[in-house]
Amino acid sequence: MALGLLVADSGGATFNGRPYRDLPEPTRTVGAVLETAFHPARSGRNHLRVYCRAAGYPIARADEVLQQVGLADAGDRRAGGYSLGMRQRLALATALLGDPSVLVLDEPANGLDPEGIQWLRGFLRHLAHTEGRTVLVSSHLLAEVEQTVDRVVIVGAGRLVREGSIAELRAGAEGAGSVVVRSPEAGRLAGLLQGLGRHVELEDASRLVVTGTTTEEVGATAFAAGVELHELASRSSGLEQIYFQLTSGTEQYAAAPAGSATLQEVSR
Amino acid sequence: MSALVRSEWTKLFTTKTWLGLLLGACALAGGFAALFTGLAGEDEGLPALDDPVYAELVFSVAANASVFLLILGIIGMTQEYRHRTATPTFLTTPRRGRVIAAKVLAYALVAVPMALLVLAVTVVVVQIYAGARGDAPPLNADNLQTLAASGLVLVVFTVIGVGVGALVRNQVGAIVGALVYLNVIEPIVASIGAISGAYKWLPGGAVQAITSDFEAPDLLEPWQGAILLLAYGLVAALVGTALASRRDVL
């Protein structure tokens, strides 16, 4: 919608103050990877040349971006024979043709093998931090996103749910500042911590989740009472947990209300 | 616009579809020219080599190869949707009307040398084969006009193909639909007395009006047919453009 492919019922989106279709050289401003779309019989290099010509870039740009995404050796092979990871790279190369200041990537890690994902992570960081581009990634691979991005926008059922840096989201999430303790004397430790006014949940016979405290406080309490500890860790909420907390109940395609309730519990 | 036309040519010539269709068109035109020449005067209903009707028949048979160029145009447009390259294409050129206009122009221009090749194959086959059988038709004004008319049909059908592709978008649907229309619907319309009067206004009727004035039941003048056919090509392209600009690209 932002790129003018779909007609919005209302509202609009602008890049540098202009709707996408009014940009004089749109692919110089915004490079987008929305799907990995190629004619299977056309080589990767020729695919790129098509869009070089259409946008008026020198044909040599095709070779430059192939190099950039590490496809230089495969450039003359038919795109139909590419692996999923190579397709993602070719799509990324297409988006980079115009050397845009903004990149919009839809699920760029889909179909990548572990090496490919690691490469993509480094490449996106390089584009954003070293080259100073804005990189907008939409993804459902939240663990992956967490390792790559600076700021997160969570959208649920078509509405903005939360926006901020990962640290900000973590701070605002439920369970922030909770500590997980494992001890053979969990019951005794629970009593001591409750005595300090902390909220303690006994997860099972040897495991506690304490909220409103720090690892230092729990450690000191245990040490003073001579309680043996097997594990002491502060629990930071993962992006996935934050996501479920924020979107539960609004998810459009949730299997059933019971389903989202379960998800919420898991996140606690 | 010239950048977009060149981009369309790059698309066209970086797959082999065009080659297959061009060879098919040449084979069809050359093959039927040879068949008519071989049977001229021998088979009942086929005029003899020295009959001007033979010359007109054999030089207008090239127009039948238009079906290959129609398919070329259809594939040229529908491949964008079939292989989803419409997305990068319309991202590069958000003014979609410009894309379709460039495609129409690129395919019309490419169809000219292709049509010339098909005509050249026809002429060479006829000159050699009919010459060997004793009497090659002269390339006089009449026969050149017939050849030019066939060439015009070939080019216009390419443009119609692009327009049909923009309208229908589904490649198989567009090709099957176009073939069913040309080979089933039009002949039936022409054969039913009550509605056969409409035939001369249809693309097939226009083609017949342009390329032949014998065995013509009720047809337009050749120049009228040419205008009508051009109008079909332009209308298909314009409606296709209007639709492509409004439809969502998924």
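Select residues 149-168 of chain B. The span is 100% helix and 0% strand, and its end C-alpha atoms are 28 Å apart. Helices here are DSSP runs of H or I with at least four residues, strands are runs of E with at least two, and both are numbered from the N terminus. UniProt, in an unreviewed entry, lists 149-168 as "transmembrane region", along with 57-75, 104-129, 180-202 and 222-244 of chain B. UniProt positions follow the numbering used here, feature names are shortened, and annotations may be inferred rather than shown by experiment.

This is a predicted model: local features need pLDDT of at least 70, side-chain atom pairs count only at pLDDT 80 or more, and totals for chains, interfaces and linings use all residues. Residues are numbered from 1 along each chain as its sequence is written, while chains are lettered from A and ligands numbered from 1 in the order in which they are written.

Next, select residues 222-244 of chain B. This span is also 100% helix and 0% strand. Its end C-alpha atoms lie 33 Å apart.

Now show α6 (residues 96-132) and α10 (residues 222-246) of chain B together. They pack at an angle of about 150°, with axes 8 Å apart. That makes α6(B) roughly antiparallel to α10(B). Axes are lines fitted to C-alpha atoms, for helices over the stretch in contact, and angles run from 0 to 180 degrees between N-to-C directions. Angles over 145 degrees count as roughly antiparallel.

Show the side chains at this packing. From α6(B), pick R96(B), G97(B), I100(B), A101(B) and V104(B). They meet A237(B), G240(B), T241(B), A244(B) and S245(B) of α10(B). Contact means C-beta atoms, placed from the backbone, within 7 Å. The residues divide into five nonpolar, four polar and one charged. Ala, Val, Leu, Ile, Met, Phe, Trp, Tyr, Cys and Pro count as nonpolar, Asp, Glu, Lys and Arg as charged, and the others, Gly among them, as polar.

Move to where chain A touches chain B. Chain A brings 27 residues and chain B brings 23 residues. On chain A, α1 (26-29) and α2 (44-55) each supply at least two residues. α2(A) gives the most, with seven residues. The chain A side divides into 16 nonpolar, six polar and five charged.

Select residues 4-110, listed by UniProt as "domain: ABC transporter" in an unreviewed entry. The span is 36% helix and 8% strand, and its end C-alpha atoms are 24 Å apart. Then color domain 1 (20-149) and domain 2 (177-235) of chain A. These bounds come from an automatic or database domain assignment. Their centres, taken over C-alpha atoms, are separated by 49 Å.

How values were computed:
Two residues are in contact if their C-beta atoms, placed from the backbone, lie within 7 Å. Angles under 35 degrees count as roughly parallel, over 145 as roughly antiparallel, 65 to 115 as roughly perpendicular and the rest as oblique.
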